[in-house]
Amino acid sequence: MLTFEDYEYTRPSIEKLQTEFKTALTQFEQSSSFEDQSKIIEHINQLTSDYSTQENIMYIRSSIDTNDIFYQDERDYFDEIGPQFQALQSDYYKSLIASPFRSQLEDKWGAQLFHLAENAIRSYSDEVLPLLQDENKLISEYSKLVASAQIPFQGETLTLAQLGPFKESLDRAVRKDAMNATADFFASHEEKFDEIFDRLVAVRHKIATALGFTNFTELGYIRMDRIGYDTDMVEDFRKQIRMHVVPLTEKIRGMQSRRIGISQMKFYDEPLQYPEGNPKPKGTPEWIIENGQKMYSELSRETGRFFDYMKRKNLLDLVAKKGKEAGGYCTFIDNYDSPFIFSNFNGTSGDIDVLTHEAGHAFQVYSSRSIGIPEYIWPTTEAAEIHSMSMEFFTWFWMDRFFGTDADRYRYAHLLEGVLFLPYGVAVDEFQQRIYDHPELTPAERKAVWKDLEATYLPKRDYDGHPYLEQGGFWQRQGHIYEVPFYYIDYAFAQICAFQFWQRSLEDFDDAWSDYLALCQLGGSKSFLELVETAHLKSPFEEGTIESIMDFISKWMVDHKIY
């Protein structure tokens, strides 16, 4: 049996790919029947899967060990050839939408493929290829800089992820020192982070204007495949968050302050939920995985088989270590039918959040891996986050396995963290829109924009005089802003959907799970709003959806108050 260590990596030749793609496209354009074109689409799909397989093996191994020179060099290589492969896909999509057999192809392959194709065409031209390469290099530069963090703390040298447990310490001085240590790392590299972002904004604006857009905001929506909604609808969503969520978060922070006995909450107090300490998993990473396997086997037959597959093939790299990139993700290795989960376990409840969140992604892609169309293995990102965030709630009923008598406290804190996230999530999105609408802003002016947004969405946050944070530098730790612009609000859209699955699971678990399972199996074959409707959820944009959910959560908080 092959495991991840056995998966073969071979650097793809871009020249060979270009030849094979061009030959296939010539045949496609000269085909005289729908059946012939469908066969060529299958061949192109395999070429795409071959490329994606090698790219993802490279990405996983380079992020597990940023000191591995071979895979860092390969990452640089993909930064160069990625836009060239994008050019090949753009050519394919142009031929696809121009096909005289388009209606028959849509019937077989689905309309969503053609929506995605149109967006891909609009977001690329040969003119911007060198700019896309520059953008990729800057993104990698940011990732490597963050991963390089080696922070002296209490006689040890720690990564950013390894500082996590100290940020939840019962000792307020330790919490403060740990939070300040993170902020100090970013502050010490502030000029470099400013420079990287300054160059990213400039190159993205150039790409957008070269493609005929007014600014990168317009292009960013196309890149993110915002199908069926626009900036006006997103602004209305942010307005609903300001109206119905921000007041509730202020109430939640007030309750937390009283609960932990702090009269004036500082930013380093926010991670501590309970006076006796936050709930923590009661065992080692190996114990967590073992209990995760039992949990998923009990949740459903499908999830049991899925997790057995992941564990058997070593498709989990979960523990924080030196040289490992920060954060967590799930990706998919096409030709091996393998999801892969990457994270940084550090002994906090976040380890369980990762086990459920990233496993939600992995279960979805495992469920749709045989769909036969590379574009449909994953949904668009806002839909993909429904699977991950909802899995966090469907597994609530098994939290006693990990937290014992602290399970109720975990569930209570987990729900409230979901609410507290929403204003921050939309603040990140509005920050990006303001920045890309005004690319001429200086680094200092960008930080002033962030401070203004904090006053709106996080009005109670107090940085206790830390100069870097007081001047508006907090956003620089949010990798999505650098790496995947306009992604972050997807978590907010999905959180509203996940809250609905949570509410339904409390009322009729089997019915809610049935819809969730069907949603996972659809993969990306429909747009976000179509998937939401199929899962019998209310659209996050629908007037009253957010207000209704917040009312339900408020009542639940009263009924299940821990203190």
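1. A residue counts as buried when its relative accessible area is under 20%. Ser-388 has a relative accessible area of 0%, so Ser-388 is buried. The model discussed here is a predicted one.

2. Start with the surroundings of Ser-388. This residue sits in helix H16, which covers residues 381-394. Leaving out residues up to four places away in sequence, Ser-388 touches Thr-356, His-357, Gly-360 and His-361. With His-361 there is also a polar contact: the two side chains meet at 3.3 Å.

3. Now the overall fold. The chain holds 25 helices and five strands. Along the principal axes, the C-alpha trace spans about 75 × 55 × 50 Å. Does the radius of gyration of 23 Å agree or disagree with a compact globule? It agrees, because a compact globule of 563 residues would have a radius of gyration near 24 Å.

4. Burial and contacts come next. Of the 563 residues in the chain, 60% are buried. Take the contacts between residues at least 6 apart in sequence: 76% of these join residues at least 24 apart.

5. The surface can be described briefly. The chain exposes about 21900 Å². Carbon and sulfur atoms supply 49% of that area. As for charge, the chain has 57 positive and 91 negative charges. Their mean positions lie 4 Å apart.

6. Look next at Thr-348. It lies in a loop, with strand E5 (338-345) on one side and helix H14 (350-367) on the other. Is Thr-348 buried or exposed? Its relative accessibility is 6%, so Thr-348 counts as buried. The side chain of Thr-348 makes a polar contact of 2.9 Å with the side chain of Asn-346. Setting aside neighbours within four places in sequence, Thr-348 is in contact with Gly-164, Pro-165, Glu-168 and Pro-281.

7. Asn-278 is buried because its relative accessible area is 10%. Which backbone atoms does its side chain reach? One is the backbone oxygen of Pro-271, 2.6 Å from a polar atom of the Asn-278 side chain. Another is the backbone nitrogen of Gln-273, reached at 2.6 Å.

8. The contacts of Asn-278 extend along the chain. Not counting residues up to four places away in sequence, Asn-278 touches Glu-168, Pro-271, Leu-272 and Gln-273. Glu-168 is also listed among the contacts of Thr-348. Pro-165 is 113 residues from Asn-278 along the chain, with 9.8 Å between the two C-alpha atoms.

9. Two backbone angles deserve a check. Most residues other than glycine have a negative phi. Gln-154 has a positive phi, near 50 degrees. The place of Gln-154 is the loop between strand E1 (151-153) and strand E2 (156-158). At 53% relative accessibility, Gln-154 counts as exposed.

10. Asp-464 also has a positive phi, near 55 degrees. The loop that holds Asp-464 lies between helix H19 (443-457) and helix H20 (467-470). How accessible is Asp-464? The value is 29%, and Asp-464 therefore counts as partly exposed.

Notes. Residues are numbered from 1 along each chain as its sequence is written. This is a predicted model: local features need pLDDT of at least 70, side-chain atom pairs count only at pLDDT 80 or more; totals for chains, interfaces and linings use all residues. Side-chain values use heavy atoms; hydrogens and water are left out. Helices (H or I, at least four residues) and strands (E, at least two) are DSSP runs, numbered from the N terminus. The radius of gyration is taken over C-alpha atoms; the globule rule is 2.2 Å times the number of residues to the power 0.38. Buried means under 20% relative accessible area, exposed over 50%, partly exposed in between (1.4 Å probe, protein chains only). Contact means heavy atoms within 4.5 Å. Accessible areas come from the Shrake-Rupley method with a 1.4 Å probe; for residues, only the protein chains shown count as cover. Lys and Arg count as positive and Asp and Glu as negative; His and the chain ends are not counted. The place of a charge is taken as NZ of Lys, CZ of Arg, CG of Asp or CD of Glu. A polar contact is a pair of N or O atoms within 3.5 Å; within protein, one must be able to donate a hydrogen and the other to accept it, and residues adjacent in sequence count only if both atoms are side-chain atoms.
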